[in-house]
Amino acid sequence: MSNNIFLLFILFSSVSILNGCAQYSRVKNQSLSQTAPHKDPLQVLKHQKPGDIRLFLSFSGGGTRAAAFSYGVLEELRDTQININGNKKTLLAEVDTISSVSGGSFTAAYYGLFGNEIFQNYEKDFLEKDIQGTLINSLFNPINWFRFTTSGFDRTEMAINYYDRYIFKGATFSDFRNTGPAIRINATDLNSGQPFVFNQNYFNFLCSDISKFKIARAVAASSAVPIAFSPIVLKNYDQCNHQPAPFLQHSLKSSKGSRSHLHAKSIANYLDKDKVSYVHLLDGGIADNLGLRASYDAVNIVGGMQKYIKATEIKMPKYLVMIVVNSAVSPERLINQSSQEPSLADQIDAVTSAQMERYTVETLNLLENALRQWTQNLSKDSQHIQTYLIHINFNEFKEKKMRNYFNMLPTSLSLPKDQITALKNAGRQLLREDTTFQNLLKNLQD
């Protein structure tokens, strides 16, 4: 947690005085009618018909820093031309899925809604706006003082109203482009500590219809830093009478403590409507700052990639590409240079950063091993699947000066224009110069 976010925490927490002793969050998800169509949890990718490439992007958390960095990667993919079977196209057009967390969710959701219009409007709609300053100033608006005393309006609702009006233009999940990539906005279930993905498959377990759910509310949940923002709450409706799917029952019987068992247990809890009447969601970075774990667990919970492919009827591509856009920072700290007690902000920042960094390394190792295993299991003599794991992060800069510059950028919802430009260029440069990315382009042209 940076000093900027810590300041936001102090200011927003003071609003609790106005809120009173008991505050109930607004619940905006609607029930799923008996006649409403909804997809089976294993059919999420059936509508997609990939060609030779299946391209997966993940955008990490990190406020506006993450949003600008991931936007630069989109620009580079747009300007990267490939030639497959005589057909020229951009690599951006090959993106099948974008999974996002926190600050990265702003970019993912905006692209999912507006497509290539992002390159004309995103900077003025989001990147160049002082959103953090606007939200803080709103705390001193007398109109909001009265609203804070009413049930259901809090600092999170104030942010949602801004995102909905000025960034996402009132859009709901039904407004996502059918021709674009699948957008997976990730939050964290406060009760289980597991990732929660905003798609109809997760909403099915809540007997809820995501089509009418506001994009702004999902992004707010994905980026709701604990304490600074209050949780987003979803109601768990009880009219569907879902029974645990066979794959869920199998995972529940697996070794206790295993990843598949814990993931299955967290999902099965949603089916117990008396036990889980409401779901409280916070920043997706708490569970996984890369937005990768939910996708891995979706495969793992059904028993591996072969069973997942069979269940979803995915056509296997020649190239499986995962580009991880990681905007986490590791600034040099001065704690060890003095016997003076570190500030509360410095202590929180050091603890959370250390935990997040180690968990990120574990996630990347988990994914790398999984890709290797999936390739071995799925490749045949007639067709060998080539996998590429591309990890873009600030520590990839060769020059120490460049590494230090980006690692010192704060986690906030406001950055100067020169820093926005530097982050966009960094995303483009690091992707373009990545050795694995260069190998991918070479093999695509052969």
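How much accessible surface does the protein chain have, and what share of that surface belongs to carbon and sulfur atoms? The surface comes to about 20,700 Å², and 50% of it belongs to carbon and sulfur atoms. Please keep in mind as we walk through that this is a predicted model.

Let's begin with the overall picture. The protein chain contains 18 helices and 12 strands. Of its 446 residues, 53% are buried. The contacts tell us something about how the chain is folded up: taking those between residues at least 6 apart in sequence, 81% join residues at least 24 apart.

Now turn to a pair of helices, H4 (residues 103–114) and H10 (residues 215–222). Two packed helices are described by the angle between their axes and by the distance between those axes. Here the axes come within 10 Å and cross at roughly 160 degrees. An angle over 145 degrees counts as roughly antiparallel, and H4 and H10 are therefore roughly antiparallel to each other. Their crossing is right-handed. On the H4 side, the contact is made by Ser105, Phe106, Ala109 and Leu113, while H10 contributes Ile215, Val219 and Ser222. Sorted by class, the residues of this contact are 5 nonpolar and 2 polar, with no charged residues.

Next, find Thr64, which lies in helix H3 (residues 63–78). Thr64 has a relative accessible area of 1%; because buried means under 20%, Thr64 is buried. What is Thr64 in contact with, once its neighbours within four places in sequence are left aside? Its partners are Phe126 and Leu127, together with Ser412, Leu413, Ser414, Leu415 and Ile420.

Is Glu433 buried or partly exposed? Its relative accessibility is 46%, so Glu433 counts as partly exposed, whereas Thr64 is buried. Finally, look from Glu433 across to Glu396: the two are 37 residues apart in sequence, and their C-alpha atoms are 9.7 Å apart in space.

Note on methods
Residues numbered from 1 in each chain as written. Predicted model: local features only at pLDDT ≥ 70, side-chain atom pairs only at ≥ 80, totals over all residues. Heavy atoms only, no water. Helix = DSSP H or I, 4+ residues; strand = E, 2+ residues; numbered from the N terminus. Buried < 20%, exposed > 50% of the residue type's maximum accessible area, 1.4 Å probe, protein only. Contact = heavy atoms within 4.5 Å. Areas by Shrake-Rupley, 256 points an atom, 1.4 Å probe, with all protein chains shown as cover. Axes fitted to C-alpha atoms, helices over the stretch in contact; angles between N-to-C directions. Parallel < 35°, antiparallel > 145°, perpendicular 65-115°, else oblique. Left-handed = near helix turned anticlockwise from the far one by under 90°. Nonpolar A, V, L, I, M, F, W, Y, C, P; charged D, E, K, R; others polar.
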